[in-house]
Amino acid sequence: MSPKPLAYVNGEFEDLENAKVDALDRGFIYGDGLYEVVAIYGGKLYQIDEHLERYKNGAEEMLFENYPAPEEIKKISHELLEKSGIKEGIIYLEVTRGTAPRKHSFPEPQKPNLFMFAKEAPRPDAEFKNNGIKTILVPDERWNRCNVKSINLLPNCFYKEKANREGAYEAIQVHRLGVTEGTSTNVFGVKDGVVYTAPTGQRILPGITRDTILKLADRIGIKVVEKFLSPEELYNCDEVFISSTTIKILPVKQIDQVTFPVSDYKTTFVLQEELEKYTLENR
């Protein structure tokens, strides 16, 4: 069977190109929903339990009621994997508060909608993985619950587009507290062999890959400090890298007009190698 993009909408499987949601879905009207992206490696779901735990935490914080249980979503994910035949790609899942007349207050009762799809997805090419990417700094203008993986991503989209127009791969956001994260990645700086990254809390998404990197660093004896770096501190790091589920770890070779000697990086590539081994062992 040839791999094909496949969707699931509230109990029905269908070709992704034919999938539809209701016009009065609160995700469509208000951005009132959550999402997760789970990697598929070698025909298997990678770290799905960690993603579903984060989804559950987000659903509780957003006061979702009657939302699909992680066990149900996991079962559907395996069905999508089997029916689509995809070996390397992603599963996207989105849960909204449901379809209801347009009204700011929550509907009673809440009847969440579940939309999922599986598709093939390219991995970052060797040029980025080995030689690094360009980034820019932008203001962090998001709401104050960045720990929730909300589908309401307009500031992220706006600054990702700004990065694209300036020939950069990613935009790194800066809050009054300091550097937070990229538009779709977590950010790390390395100074004198110590890894720095923004602390968990309401200003960043608790990245699944971020958490794995911190555990791997601890395992191999690399010191990690969770703190908000100032832009000047980030510019002065010896190494900078970003991470996410789909890109794993990519070194940064430029932030604005400041360049970094990626050929001299050590810690970034050690962690990149450790993460690759971890992925192979745990898929």
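1. Start with strand β3, residues 33-41. Three bridges join β3 to β4, and the two strands run antiparallel. Within β4, Leu45 is the residue that stands opposite Ile40. Keep in mind that this is a predicted model.

2. Now widen the view to the sheet. Six strands form an open sheet, and the pairing is antiparallel. Read across, the order is β2-β1-β6-β5-β3-β4. Which strands form the edges? They are β2 (12-15) and β4 (44-46), and each pairs on one side only. On average, neighbouring strands of this sheet are turned by 25 degrees against each other, direction ignored. As background, strands of a sheet pair through backbone hydrogen bonds, either parallel or antiparallel.

3. A helix packs on this sheet. Helix α3, residues 70-84, touches β1 (6-9), β2, β3, β4, β5 (89-96) and β6 (113-120). The direction of α3 makes about 35 degrees with that of β6.

4. Look next at β6. Four bridges join β1 to β6, and these strands run antiparallel. Is β6 mostly covered or mostly open? Mostly covered: six of its eight residues are buried.

5. Aromatic rings deserve a point of their own. The structure holds eleven aromatic pairs. One of them joins Phe128 and Tyr169, with ring centres 5.1 Å apart and planes at 70 degrees. Planes over 60 degrees apart count as edge-to-face, so this pair is edge-to-face. Phe128 lies in helix α4 (residues 126-131), while Tyr169 lies in the loop between α5 (154-165) and β8 (170-175). The pair therefore ties together parts that are 41 residues apart in sequence. Phe128 is partly exposed, at 28% relative accessibility. Tyr169 is partly exposed too, with a relative accessible area of 24%.

6. Compare the pair Phe158 and Tyr159. Their ring centres are 5.0 Å apart and their planes stand at 85 degrees, so this pair is edge-to-face. Are these two residues buried or exposed? Phe158 is exposed, because its relative accessible area is 52% and the cut-off for exposed is over 50%. Tyr159 is buried, because its relative accessible area is 8% and buried means under 20%.

7. Rings also gather in a group. Ring pairs link Tyr35, Tyr92, Phe115 and Phe117 into a cluster.

8. Lys83 lies over the face of Phe13, at 5.1 Å from the ring centre. The charged end of Lys248 sits over the ring of Tyr41, 4.6 Å from its centre.

9. Finish with helix α8, residues 267-282. How many residues does α8 have, and how far does it reach? It has 16 residues and reaches 22 Å from its first C-alpha to its last. That is close to the 22 Å expected at 1.5 Å a residue. Several α8 residues are buried, among them Thr268, Leu271, Gln272, Leu275, Tyr278 and Thr279.

Key:
Residues are numbered from 1 along each chain as its sequence is written. This is a predicted model: local features need pLDDT of at least 70, side-chain atom pairs count only at pLDDT 80 or more; totals for chains, interfaces and linings use all residues. Side-chain values use heavy atoms; hydrogens and water are left out. Two strands pair if DSSP finds at least two bridges between them. Axes are lines fitted to C-alpha atoms, for helices over the stretch in contact, and angles run from 0 to 180 degrees between N-to-C directions. Contact means heavy atoms within 4.5 Å. The expected span of a helix is 1.5 Å times one less than its number of residues. Buried means under 20% relative accessible area, exposed over 50%, partly exposed in between (1.4 Å probe, protein chains only). Rings of Phe, Tyr and Trp (its six-membered ring) pair if their centres lie within 6.5 Å; planes under 30 degrees apart count as stacked, over 60 as edge-to-face and the rest as tilted. A charge sits over a ring if NZ of Lys or CZ of Arg is within 6 Å of the ring centre and within 35 degrees of the ring normal.
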